[in-house]
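I opened the notebook to look up the aromatic rings and the ligand site. The entries follow.

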Amino acid sequence: MSLLPDRAALTALAYQLGPSRYYQPAYRFIAADVGTERGSFLDVGTGTGWLAIHVASGRREVDAVGIDTSEAMLRYAEANKRDRLNVTFRKMDATNIIYPERTFESAAAVQSAHHWGDPAAIFAEVYRVLVEGGRFYVYEADPEAEVPADWIVRKAGLPTDAFVRGQWAKFGMDAGRWAQLRAVAEASPFGPDIEDERHGFYRRLVCTK
Ligand SMILES: C[S@@+](CC[C@H](N)C(=O)[O-])C[C@H]1O[C@@H](n2cnc3c(N)ncnc32)[C@H](O)[C@@H]1O
């Protein structure tokens, strides 16, 4: 048995110490963009939980659920939510969401889609668990975007633009991959009426049931 932390634990620790901190304004902007004022919200690939936390914060009538396949990420999400009662985290694969049909008023996935092995299954599952008229927002960083000053917390000049853009090149989606994802969304039960716009440094799809 190795005494070294495993790869998933190291990835989650790096995320908790890095992006979880410096993207705090971005999570707030996205929570405002999603605009959930009451009812259930699903954060797909919640990671360290911050979008679910911001969507639920100060909104007692919102019940936010974050799902992720990584136990290591979810341990940080549990710690980050502190004593908020209207945020729940569950280990779950978004290709097989263990909630009944029409459970959620809205859903979002931030910086998760570039990991998805079976995006068609995820669009179908999110469609199933949304109420009629519910929306699924998908955000991925655009490697060609400028780094907006007010969307990222910087301390002593860090992270630098070069570092952030390097991360987007690695963990965001270029125009080709984004077009593929959009085509999968259009072929899903959400149908062809998908909004494809920018939000800050993100490419954003809005899929309405
Ligand atoms: C880069 S992190 C982003 C986390 C968070 N959304 C954020 O913006 O801070 C991507 C997350 O998506 C999760 N993920 C990838 N595929 C998934 C799937 N099929 N079901 C659930 N979570 C998934 C990963 O485990 C990882 O925690």
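**Aromatic rings**

I looked up Tyr99 and found it buried, with a relative accessible area of 17%. Phe104 is buried as well, with a relative accessible area of 1%. Buried means under 20% relative accessible area, exposed over 50%, and partly exposed in between, with a 1.4 Å probe and protein chains only.

I noted the basis of the values: this is a predicted model, in which local features need pLDDT of at least 70 and side-chain atom pairs count only at pLDDT 80 or more, while totals for chains, interfaces and linings use all residues. Residues are numbered from 1 along each chain as its sequence is written, and side-chain values use heavy atoms, with hydrogens and water left out.

Next I looked up ring pairs. Rings of Phe, Tyr and Trp (its six-membered ring) pair if their centres lie within 6.5 Å; planes under 30 degrees apart count as stacked, over 60 as edge-to-face and the rest as tilted. By this rule the count is 16 aromatic pairs. Tyr99 and Phe104 make an edge-to-face pair, 5.1 Å centre to centre with 75 degrees between the planes. I also found one aromatic cluster, whose members include Tyr22, Trp151 and Phe201.

**Ligand**

Which residues come nearest to the ligand? Of the 18 residues around the ligand, these are Tyr27, Gly45, Asp68, Ala94 and Val110. Here a residue counts as near if one of its heavy atoms lies within 4 Å.

A side-chain N or O atom of Tyr27 is 2.6 Å from an oxygen atom of the ligand. For Tyr15, a polar side-chain atom lies 3.1 Å from a ligand oxygen atom, and for Ser112 the distance is 2.9 Å.

Technical notes. A polar contact is a pair of N or O atoms within 3.5 Å; within protein, one must be able to donate a hydrogen and the other to accept it, and residues adjacent in sequence count only if both atoms are side-chain atoms.
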